[in-house]
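Please find below my comments on the model under discussion. They are arranged as numbered points, from the overall fold to individual elements.

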Amino acid sequence: MNTEPLKTGRSTGMDDSNADEVAEIAQALDRWYTLLGRQFGPLSRPQRRMLGLLSRETPVRVGDLGEQLGLTTAGTTRMLDKLESLGYAARSRAAHSDQRQVFVMLTPSGEQALREAEAVFLGRVHSMLGGLSATERVALVHILRRLNYQADVQPSPTDSTPFGR
């Protein structure tokens with residue numbers, strides 16, 4: 001396996017002293033993303049993200065859910081159709097409000113599927129971190145917290161919404 005950083009030859013807008021480091025970090029993150037896999041027990045990666053969001057705030061408007069996940073209306077609807085057919089999510093309209101607004105919430109089956117998916121996901125992460133010392137894991141946690149904080153406060157280069165939303 002080649003561990004040399006990829007030289008893209010493209011200008012990144014940063015000085016050349018950081019370009020190789022950034023390329024190496026990007027390559028490592030991309031490899032991690034691939035190694036984690038696309039299926040976590042009963043859920044795909046995007047389904048796990050959607051149910052995870054529903055587990056934190058439910059019920060949520062379908063439009064808000066799609067926006068938070070960075071999905072189009074059509075993409076949100078397709079995923080909800082699948083999750084609803086599996087019994088993992090349920091859509092409804094509030095009785096005394098704008099009937100055009102559709103809300104979605106996690107079902108008990110969805111909670112169980114999410115627990116199973118999280119166990120698979122965390123097991124894979126644990127396995128991948130096995131070669132790190134306790135000190136290295138603590139350092140990684142600090143770096144990831146800092147990156148998450150920056151993503152929440154820094155505008156995305158592609159639009160005006162924060163990263164990670």
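1. Of the 165 residues of the protein, 25% count as buried. The coordinates come from a predicted model, and the remarks that follow should be read accordingly.

2. The protein contains six helices and five strands. Along the sequence these elements follow the pattern α-β-β-α-β-α-α-β-β-α-α. Among contacts with a separation of 6 or more, 48% are between residues 24 or more positions apart.

3. Helix 5 covers residues 108-129, and its length agrees with expectation: 22 residues at 1.5 Å a residue should span 32 Å, and the end C-alpha atoms are 31 Å apart.

4. Which residues of helix 5 are buried? They are Gly-110, Ala-113, Leu-114, Ala-117, Phe-121, Val-125 and Leu-129. Viewed down the axis of helix 5, these buried residues fall within an arc of 140 degrees, so they line one face of the helix. The face turned away from the buried side of helix 5 carries Pro-108, Ala-119, His-126 and Ser-127, which are exposed.

5. A further point concerns helix 6, which comprises residues 134-153 and includes Leu-144. Leu-144 has a relative accessible area of 41% and is therefore partly exposed, since that class lies between the buried limit of 20% and the exposed limit of 50%. Together with Ile-143 and Leu-147, Leu-144 makes a nonpolar surface patch of about 270 Å².

Definitions and conventions: Residues are numbered from 1 along each chain as its sequence is written. This is a predicted model: local features need pLDDT of at least 70, side-chain atom pairs count only at pLDDT 80 or more; totals for chains, interfaces and linings use all residues. Side-chain values use heavy atoms; hydrogens and water are left out. Patches are made of residues with over 30% relative accessible area and no salt bridge: like charges are joined within 9 Å, nonpolar side chains (Val, Leu, Ile, Met, Phe, Trp, Tyr) within 5 Å. Accessible areas come from the Shrake-Rupley method with a 1.4 Å probe; for residues, only the protein chains shown count as cover. A salt bridge is a side-chain nitrogen of Lys or Arg within 4 Å of a carboxyl oxygen of Asp or Glu. Helices (H or I, at least four residues) and strands (E, at least two) are DSSP runs, numbered from the N terminus. Buried means under 20% relative accessible area, exposed over 50%, partly exposed in between (1.4 Å probe, protein chains only). The expected span of a helix is 1.5 Å times one less than its number of residues. The arc is that of the directions from the helix axis to the C-beta atoms. Contact means heavy atoms within 4.5 Å.
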